[in-house]
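Me: I've got a structure open and would like to talk it through, strand by strand. Can you take my questions as they come?

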Amino acid sequence: MVDIGPPPECWTRRHLLGLEELSAEEITLILDKAMVFKEAMTAGRKKIPLLTGKTCVNLFFENSTRTRTSFTLAARRLGADTLDFSASTSSLSKGETFIDTAKNLEAMGVDVVVVRHRTPGTPQLLAQNLRCSVINAGDGPHEHPTQGLLDIMTIRERRGSLKGLTVALVGDIAHSRTARSNIWGLKKLGAHVIVCGPSTLVSPRWAEIDVEYSYSLDDILPRVDVLNLLRIQFERQFSRPFPSVREYAHLYTMDAQRLAKTKDDILILAPGPINRGVEVTPEVADGSHSAILEQVTNGVAVRMAVLWLVAGERGKGEGGCVAAGLAPRCSSI
Amino acid sequence: MSTLIIKNGRVIDSSQQMDRVTNLLIADGRIAAYDAEPDDECTTIDAAGKIVSPGLIDMHVHLREPGSEEDETIATGTAAALAGGFTSIACMPNTDPPIDSQSIVEFIRGQAAKADNCNVFVVACVSKNREGKELAEIGQLVEAGAVAFTDDGSPINSPELMRRAFEYCLMFDKPVLNHSEIRELTEHGVMHEGLTSLILGLAGMPTAAEDVMASRDIALAEATGGRFHLMHVSTGGSVDAVRRAKRRGVRVTTEVCPHHFTLTDECLRSFDSNFKMNPPLRGKGHVQGCIDGLIDGTIDAIVSDHAPHAKEKKMQELDRAPFGIVGLETSLGLVVTRLIEPGHLDWPAALARMTCNPAQILNLDKGTLRIGADADVTIIDPKVRWTVDPAEFRSKSTNTPFAGWELTGRAEVVIVGGRVKFERKGEEGRGKGEDYCE
């Protein structure tokens, strides 16, 4: 029997669009619930049917393997039905707008739309136009809240708390939604955030919201507790922001030599998919400081927590899982 | 002889430094006399408590016809102009086909005559097919009635073409208007590049894109002696470049849109495409730069850059939605609410930027209430509070960021060539079309 405890009053959201708008309490709540789901799964439970009868659709306008798979698994483990919808198989090629597409899906009785899109703000637009729940699975370089949550969950699991930790996000900050979601979540939970990368991809304006910026990975290495190595988003770059991958790798690849300069208990994350040899070398990615695969496991747990919080029905589910007060509503249609 | 007398209005006409309460007599479509007394024959309009201005001029309007009649037509656009208080508008050439031939100029003038709303002056293309390569047949376009030249919708990118345009237009004494923007710096851009674009992950359009080309155009105007009009200035840097050029005696003028002295890039946090326009909404400092430019006279004109887009086009992802907002029906209210009420400009200074200044830039015999001038008159209620309701727009499109805004000041009566073409009747909530009096 899974006991996820009495849900606090503070969760009132029907959508998860980004971490910027969440309070520290809301983020902590998601992480706490994710831990419960993770423990249940680790204990061998494959199904925790809190969303039986619900339908979640993955509305992906951009390619994704792991995020989509992770959401699908999370929804199925909660007993929901899932449906994949990708732009290439849709009416979008026939000129239908994406809002029409989403409204059509909603009219078929969908409860949760998990959306990924190349354009920032698209989940917000859907949330305004649909009655069901919308979860942002990445909107261009804007936010990717569940990725931010799972990164933070992984750090919290290893370190107990975020308070006072120095976390460096390294790489293509300009085009990274993972960076933005991490920045909001980490700051709210009391961590100090450094963004680090080439000056064409790291804006000094980050300092305006109390995020430290640095162009030198070597300079910051000795004082960071966590390194999150972000992928170079070649597909989002409209002009080449650095002369060559070789030069980038020379300046920013996390390799064994750089690892030697860090604190002994450094924690290394990478949201993936990783370019081995560019952001990180194999001996570091697969080494004892790396939590890369744990992030993937945590991803499913975080997404279960989010799905349950936005779409769970009050009073339904197994004993001890009373969602009263928490509860989300869009019990649609 | 048909006569009309506008009684007891505060007549503000900057073309003759006039600001006094008087009775204005209109006869045979012209301004006939001041301090006149009504007789039995003439129609009387009581303008007590109202402002009587030369008919307002908006020198930057997109009418979309021919080519995009789903967004606007010449008939609907000119009706919107009247409702906004404008007796004359200048329409931009980024139609389909573009206004690069006599026949298109004549078509537009013909449609405007048929619509019989306000005066329409045609701004034609600088380049053939608006392609930015070869000069259009500017001499013939002038003969057809074009009053100025621009490739608006796109910048005149080539410095060589810009130079030739300045030189060639000199012999017709026509200004060259440019949407000054280095496109290589704004490619894929959706909004102003700043902290907000950084946080939202939206591709930015840096101020340098405007500043660099505005400065280039000023240098070319200076070198050729040509007349340069910088369209829709939006950055403090460009305002300052114009200010310094004017001091040196360069023949440069500029204009600003109400949204650029009213809104900032932070509005994009809503991800609402009605805040997407080009030039984009800038930061607070630039908004202040525009206001400062209006106060010290660097900015000559206020224009709406009325850019109607059908709902289905705007209701797309932010990067796909087209740039631009409608503005004819909110322009005056924003000028009163955002410039006059806070004390940035007084009424004569504000109205000069919507009457005699644009007339002068385009060499129009308009924007004045001198005796003998065309009787284009706008009677404004300076005190009325009203709420912007896009459902009441005469424009075919409703893409405004100001829906629901409460504004002060609105045109009550609009007279074109001595004929009352628009009269606002009744209060809020009346249906479309009820305000027409003719």
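Me: How many bridges pair β5(A) with β6(A)?
Reply: Keep in mind that this is a predicted model. Strand β5 of chain A covers residues 166-170, and it pairs with β6(A) in the parallel sense. One place to look is Thr166(A), which stands opposite His192(A) in β6(A). For the whole β5(A)-β6(A) pair, the number of bridges is 5.

Me: How many residues of β6(A) are buried?
Reply: Strand β6(A) spans residues 192-196 and is mostly covered. On the β7 side, β6(A) runs parallel to β7(A), residues 212-214, with 3 bridges joining them. Cys196(A) stands opposite Ser214(A) there. Of the 5 residues in β6(A), the buried ones number 4.

Me: Which strands stand at the edges of this sheet in chain A?
Reply: The sheet is open and its pairing is parallel, with 5 strands in the order β7-β6-β5-β8-β9. An edge strand here has a single partner, so one side of it is left without a neighbour in the sheet. In chain A that describes β7 and β9.

Me: What angle does α5(A) make with β9(A)?
Reply: From one strand to the next, the sheet's twist averages 20 degrees. Helix α5 of chain A, residues 145-159, packs on that sheet and touches β5, β8 and β9 of chain A. Its direction relative to that of β9(A) makes about 160 degrees.

Me: Over in chain B, which strand pairs with β5(B) in the antiparallel sense?
Reply: Strand β5(B), residues 51-54, runs parallel to β1(B), residues 3-13, with 2 bridges between them. In that pair, Val11(B) has Val52(B) as its bridge partner. A further pairing of β5(B) is antiparallel and has 4 bridges, with Ser53(B) partnered by Thr378(B). The antiparallel partner is β16(B), residues 377-387.

Me: Is Pro38(B) buried, exposed or partly exposed?
Reply: Pro38(B) sits in the loop between β3 and β4 of chain B. Beyond four places in sequence, it is in contact with Ile5(B), Lys7(B) and Thr44(B). A residue needs 20 or more other C-beta atoms within 10 Å to count as buried, and 12 or fewer to count as exposed. Pro38(B) has 16, so it is partly exposed.

Me: How many residues does chain A bring to the contact with chain B?
Reply: Chain B puts in 13 residues. By class, those on the chain B side are 7 nonpolar, 3 polar and 3 charged. The chain A contribution is 19 residues.

Me: Which stretch of chain B has a pLDDT below 50?
Reply: The model scores ipTM 0.90 and pTM 0.92. Chain B averages a pLDDT of 95, and 97% of its residues score at least 70. Where pLDDT is low, the predicted coordinates should not be read in detail. The stretch below 50 has 16 contacts in the model beyond near neighbours in sequence, and covers residues 427-438 of chain B.

Notes
Residues are numbered from 1 along each chain as its sequence is written. Chains are lettered from A and ligands numbered from 1 in the order in which they are written. This is a predicted model: local features need pLDDT of at least 70, side-chain atom pairs count only at pLDDT 80 or more; totals for chains, interfaces and linings use all residues. Two strands pair if DSSP finds at least two bridges between them. Axes are lines fitted to C-alpha atoms, for helices over the stretch in contact, and angles run from 0 to 180 degrees between N-to-C directions. Two residues are in contact if their C-beta atoms, placed from the backbone, lie within 7 Å. Ala, Val, Leu, Ile, Met, Phe, Trp, Tyr, Cys and Pro count as nonpolar, Asp, Glu, Lys and Arg as charged, and the others, Gly among them, as polar. pLDDT is the predictor's confidence in each residue, from 0 to 100.
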